[in-house]
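Here is a short briefing on selected side chains and one surface feature. Please look over the structure first.

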2 protein chains.
Amino acid sequence: MEWLIGARYALTPRKKLTNAGVVVEEGVIVEVGDFEKLKHKYPRYERIGGREYLLVPGFVNAHTHVAMTLFRGVEDDKPLNAWLREAVWPKEAKLRPEDCYAGALLGCLEMVLNGVTCFLDMYFYEEEVGKAAKEVGIRAFLGVGVIDFPLPDAKTPKEALKNAEKLRKKGYRVVISPHSLLTCSKETLEMCKEAAKGDVIHMHVSETEEEVERVKRKYGKPPFFVLEELGMLEKLVAAHATWISREELRLVAERECSLVACPSAAMKLSYGRVVPVVDALNVGANVCLGTDGAGSNNRLDILLEGREILLYAKNAWGAESLKAEQVLEFMTSTGAKALGLNAGEIKEGREADLVLINMDKPHWTPCYDPCSNLLYASLASDVDCVFVKGELIVEGGKHKKLELEKVAGLVEKAKNRLA
Amino acid sequence: MEWLIGARYALTPRKKLTNAGVVVEEGVIVEVGDFEKLKHKYPRYERIGGREYLLVPGFVNAHTHVAMTLFRGVEDDKPLNAWLREAVWPKEAKLRPEDCYAGALLGCLEMVLNGVTCFLDMYFYEEEVGKAAKEVGIRAFLGVGVIDFPLPDAKTPKEALKNAEKLRKKGYRVVISPHSLLTCSKETLEMCKEAAKGDVIHMHVSETEEEVERVKRKYGKPPFFVLEELGMLEKLVAAHATWISREELRLVAERECSLVACPSAAMKLSYGRVVPVVDALNVGANVCLGTDGAGSNNRLDILLEGREILLYAKNAWGAESLKAEQVLEFMTSTGAKALGLNAGEIKEGREADLVLINMDKPHWTPCYDPCSNLLYASLASDVDCVFVKGELIVEGGKHKKLELEKVAGLVEKAKNRLA
């Protein structure tokens, strides 16, 4: 389908365009310019948007466990280890593929309604996540979890890697995802590196202070130096990186490695801080944003994570330390770069993952700066239209095909079975 | 009008009711019970709500400057003093009554759409705020600002207090609001105390660390001890109280004094922390929630402040330190208590300030605990119906009378004039 999208403002994200027009052909942005001019050049293209809209690139959720949307609100008041041991693991032990499908379907639906067009996952039964994402129409990078314990779909790391290979052969976009430096042996990590074949690797790194101390005792050096030694830093997407040191930040900045700040989850699970984003930017490291699973957030809303990291940074490092414009890049272009995705920007040649935000709301008034209103004042429900690869998935804030009722029914069934 | 409101869950806030029915006559809750039973007892009452709804008391925004909604997004990246000096004061100097009216109308509309049924303000031209609140149908406690500098509507503190008296005589609910211990002399504070006649007083206290140090130098003791000496602690609603000490918390807990946490504004303006809520609860002090002005937030959304204080507290003081149920009380019953308002609870005899939340959303699924979903996962846009004193002000997420277009037009005019 061919589109001419119009918007009062567009944030590319680096530049602010006014009265913007964006032309999409076969899923790709072919021209960006003045709407009035493009109207005459492409008179027959399907028009959408208008003067009450802001156009931004689709948001990238660079770390989640989407099937865990099943566990939203399960025992909120526990720190990470107790929460995992007492609330999550007993339920996870009972998970069947159809439960993961239900949780993933719900999570994907929530995400795309929130303007997320692409996510990087990490879990098991990833084929179910892939199927759910396809049904919803969102891009999924299926992080096949690898860990030195039996998983519901893989008794050994080797089996998990075989599953990954099978999934890849079926045409899914697979990302090898060793769980962490403490839950994977050196041998497992080496197998993962080999299986990744130079592609993106996804991993929890330096999530808690305790984890960092234990890694130091095990390996005699901090986590990111261990990963450097293992040759795993290039193309690593490191979730959390809460307790990364300045020395590690400098190292990370030299590699093609990305850090995923998950501020809501880090705060809720009491990690004591979030990625030191300001230091990270100072040395030139890539920072993207993730929601983590809905079990520990409890939303899958990258806009909210953007607000959260801004408030956290301003409080911790000063009111001038981080700006809305920078965070919009975390949410879009930097996230896309981390995944090697040809999207995340409003630019000729990029694939058309785009979001129209309806600014015709009291909380968008007045509008001194659309980027400020987007990050500080908007709600996920302001997301009106969402395109993935040029296909209109969400219109008027509603998914064009999927009914919540059906999804909620599947989730309820899974919830009852896991109770 | 007589209502029978039905809801899958109601949070009173202390208790969770299932399949709840609430009967409202002439603005007052007359019965709370099982919906099916009440249906037979009150067959002719107008029914609203249903199984997809959660019913909660209306939210109380215990600190704002609602006319400042005009300044949403004006220079976000400045610390408090620079922001005031460089961004706010030059605009405020040009404010006319009609500008304050426009800003207040917008802010009141935003608030009521977010489930806020009552707010405590602090500014000048408060009659304009009162008029706007009346038009919107929200309860306003008009905090008439008193400060030792000329204000647009009062050259001296005496004149401000005269304005307050005039407003009160016109039937408005007025709250004497000395600006702070540094911007009001002892004499001004004593005049304010006298003018309040034992009623609620509203004041910024211990907002920044620097302010506390300056108060200590000026008075030889910390701010809340100064207020105790002045006899102003009883019925004080102290906005921010960011840097309150443990000794002051113990004192505050002995008085009928309330602290208003404004977490988003405190973080955005880099105060370095928020009210130590956990210590405050441990000694039994009243904690309520406020948004502060939209200039420094940039939302007027008490639900979001609830989430923010939870995440902040968990990160700072542990995952078990603060619970959603406690924060719901801050937002409702404690806020009402601070203002001496016979509302904030779903209980026979309370005035019917009530909010129906639509849970039929992906981010509300699954629902292990409605209070958890409300605080961690919901959006202000889930607010579906809002009653103030039994009058239905918002239905289906829309204000029943007011058009945004009209309000936005007034705001745009003010914005252009102040540019």
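The side chain of B:Asn358 comes to 2.8 Å from the backbone nitrogen of B:Asp360. The model is predicted.

**B:Asn358**
- B:Asn358 belongs to strand 13 of chain B.
- Its relative accessibility is 14%, so B:Asn358 is classed as buried; the cut-off for buried is under 20%.

**B:Asp369**
- B:Asp369 sits in a loop of chain B, between strand 13 (354-358) and helix 14 (370-377).
- Is B:Asp369 buried or partly exposed? Its relative accessibility is 23%, so B:Asp369 counts as partly exposed.
- The side chain of B:Asp369 reaches a backbone nitrogen, that of B:Cys371, at 3.0 Å.
- B:Asp369 and B:Tyr9 are 360 residues apart along the chain. Their C-alpha atoms are separated by 9.8 Å.

- B:Glu403 is in the loop that runs between strand 16 (398-399) and helix 15 (404-418) of chain B.
- The relative accessible area of B:Glu403 is 54%, so this residue is exposed. The cut-off for exposed is over 50%.

Terms used. Residues numbered from 1 in each chain as written. Chains lettered and ligands numbered in written order. Predicted model: local features only at pLDDT ≥ 70, side-chain atom pairs only at ≥ 80, totals over all residues. Heavy atoms only, no water. Helix = DSSP H or I, 4+ residues; strand = E, 2+ residues; numbered from the N terminus. Buried < 20%, exposed > 50% of the residue type's maximum accessible area, 1.4 Å probe, protein only. Polar contact = N/O pair within 3.5 Å; in protein donor to acceptor, adjacent residues only side chain to side chain.
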